[in-house]
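Thank you all for coming. Let me put the structure on the screen, and then I will walk you through a few places in it.

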Amino acid sequence: MTTTSGLPAGAAVQELLKRTVPGTSTAIQHVREDILDFAASVTAKAILIKGPIGVGKSTVARVIGFLKRVAPLERIQAERLITDLRFDETRRIDIRYIPWFVELALTGLVETLADSQLFGVARGAYTGATAQRAGVFELAMTGRSRRGSEHIGARVTGGVVFLDEIGDLSPTIQPKLLPVLSGGLFYRVGGEGSEEHALEFHGTTITASWKDLSSATLRPDLLSRIAPYVITVPSLDDRREDFDDLLSSIEDGVIASTKQSIAAVLEADRFVDRDYWPSRKDAVARLSSDARRRLSEVAWGRHGNLRGIAAAVERIIASGTDVERVIEELSPIGAGDDTVDRTEDGMLDLLLDRTWDGQGLAGHVKAAEVQLRRDLRDRLLDDAAMRQRLSQQLRIPDRQLLTQIHQLARRRHRGKEPK
Ligand SMILES: Nc1ncnc2c1ncn2[C@@H]1O[C@H](COP(=O)(O)OP(=O)(O)OP(=O)(O)O)[C@@H](O)[C@H]1O
Ligand SMILES: [Mg+2]
């Protein structure tokens with residue numbers, strides 16, 4: 001079990017965690033515990049963050065990346081580092097303040113580009129490669145912002161690389177990552193075999209994916225290297241009790257960034273309308289309690305989770321759009337929710353769909369049950385007429401039924417839920 005014993009500045013760290021990964025649900029508390037455990041662990045050198053789209057995976061990656069540096073410090077130094085930390089306009093840790101941390105999104109990267117972004121390029125590797133360039137592992141090792149000279153944070157952590165959307169890594173590059181993740185030698189592109197271009201990475205590699213990685217997306221040997229430490233960030237539908245905290249946090253961010261944008265307009269040009277813009281700035285207000293209530297009734301797991309809420313809140317606060325219209329115009333985001341396209345498959349069909357993972361029949365049945373409950377929950381949340389029929393038929397008041405529907409697919413046991 002986790003305590004903050006592995007980390008100094010317990011209170012400051014807890015505060016940071018509550019700010020960046022808010023919520024009181026058991027599920028999110030477990031996420032925070034895992035973050036602390038893995039950040040303090042000297043063996044957790046590869047960490048996989050799973051979860052649907054927009055739940056805060058990148059946020060978690062940044063927090064771990066930051067705390068890896070804090071972990072070995074004495075309390076005063078740790079607190080100073082936490083105080084100096086800055087946040088970007090979307091309320092995530094601003095990575096300019098953690099130079100030993102380098103992010104690379106693997107989605108849509110052209111193969112040749114992925115190669116050089118990951119491993120760097122040797123001078124003369126190809127026409128136009130006039131200078132040697134560092135890849136993400138090398139940048140993290142030396143400290144991103146200080147080219148050439150080693151950064152103290154990078155030296156302590158060994159560097160932290162965050163590879164987002166690892167499921168999108170092309171099959172030809174996948175084997176090239178194996179030596180990097182095992183602490184073996186790897187080479188800048190074009191410098192293969194040359195001692196001058198040989199590098200070793202001893203830092204931490206964090207990966208994230210909303211895709212099911214047990215399928216054919218990743219080579220098993222790569223999967224086994226990236227997945228010894230896993231954090232699963234749950235969908236908002238599985239932690240309804242966190243909604244208020246999350247909404248307030250998102251609202252704070254949207255208000256601050258809207259005011260900032262208006263201030264930037266005012267500063268940008270001396271001819272801007274000096275009556276209109278300041279009054280617009282003054283008009284930026286918090287959500288009404290009615291808007292909060294209406295937003296709380298949306299199944300955000302189907303609409304982009306935190307990312308979806310942020311977009312909706314932005315429309316309401318920054319553009320003044322009516323909450324009903326915003327809700328009406330939400331479109332389902334299927335990705336990250338593998339239940340979306342599923343029709344009314346029975347239990348048997350679900351079982352026949354499953355891939356081998358060493359579990360017995362009972363384990364698979366349990367997983368199929370979870371799947372069926374989720375499908376049912378999603379259908380009911382999507383279909384107001386059906387909900388009304390059910391409410392009349394079972395004589396359960398609307399509001400109560402809605403709460404109970406949300407509870408249908410709630411995780412009950414940490415880590416016990418079958419895949
Ligand atoms: N504590 C928070 N307070 C306010 N907004 C937050 C918080 N955490 C995350 N967000 C916002 O929610 C959105 C999603 O967060 P994040 O990018 O970390 O999720 P993700 O799971 O990596 O998303 P994706 O699947 O799209 O990569 C971002 O816009 C982020 O700014
Ligand atoms: Mg992300």
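This is a predicted model: local features need pLDDT of at least 70, side-chain atom pairs count only at pLDDT 80 or more; totals for chains, interfaces and linings use all residues.

Which residue does the side chain of His-406 join in a polar contact? The partner is Arg-240, and the two side chains are joined at 3.3 Å, where a polar contact is a pair of N or O atoms within 3.5 Å; within protein, one must be able to donate a hydrogen and the other to accept it, and residues adjacent in sequence count only if both atoms are side-chain atoms.

Residues are numbered from 1 along each chain as its sequence is written, chains are lettered from A and ligands numbered from 1 in the order in which they are written, and side-chain values use heavy atoms, with hydrogens and water left out.

Back to His-406, which lies in helix H18, residues 398–407; helices here are DSSP runs of H or I with at least four residues, numbered from the N terminus. His-406 is buried, at a relative accessible area of 4%, and buried means under 20% relative accessible area with a 1.4 Å probe, protein chains only. Setting aside residues up to four places away in sequence, His-406 touches Asp-237, Arg-240, Arg-377 and Leu-381, with contact meaning heavy atoms within 4.5 Å.

Let me turn to ligand 1. It is surrounded by 17 residues, and the closest are Lys-57, Thr-59, Thr-90, Arg-92 and Ser-249; a residue is counted if one of its heavy atoms lies within 4 Å. An N or O atom in the side chain of Lys-57 is 2.8 Å from an oxygen atom of ligand 1, and for the side chain of Thr-59 the corresponding distance to a ligand oxygen is 2.5 Å. Taken alone, ligand 1 exposes 630 Å², of which the protein buries 92%, by the Shrake-Rupley method with a 1.4 Å probe. Helices H1, H3, H10 and H13 each supply at least two residues of the shell around ligand 1, and the largest share, three residues, comes from H3.

Helix H3 also holds Arg-69, which is buried, with a relative accessible area of 10%. The C-alpha atoms of Arg-69 and Val-156 are 6.7 Å apart, although 87 residues separate them along the chain. Leaving aside neighbours within four places in sequence, Arg-69 is in contact with several residues, including Leu-81, Trp-100 and Val-156.

Definitions and conventions:
Buried means under 20% relative accessible area, exposed over 50%, partly exposed in between (1.4 Å probe, protein chains only).
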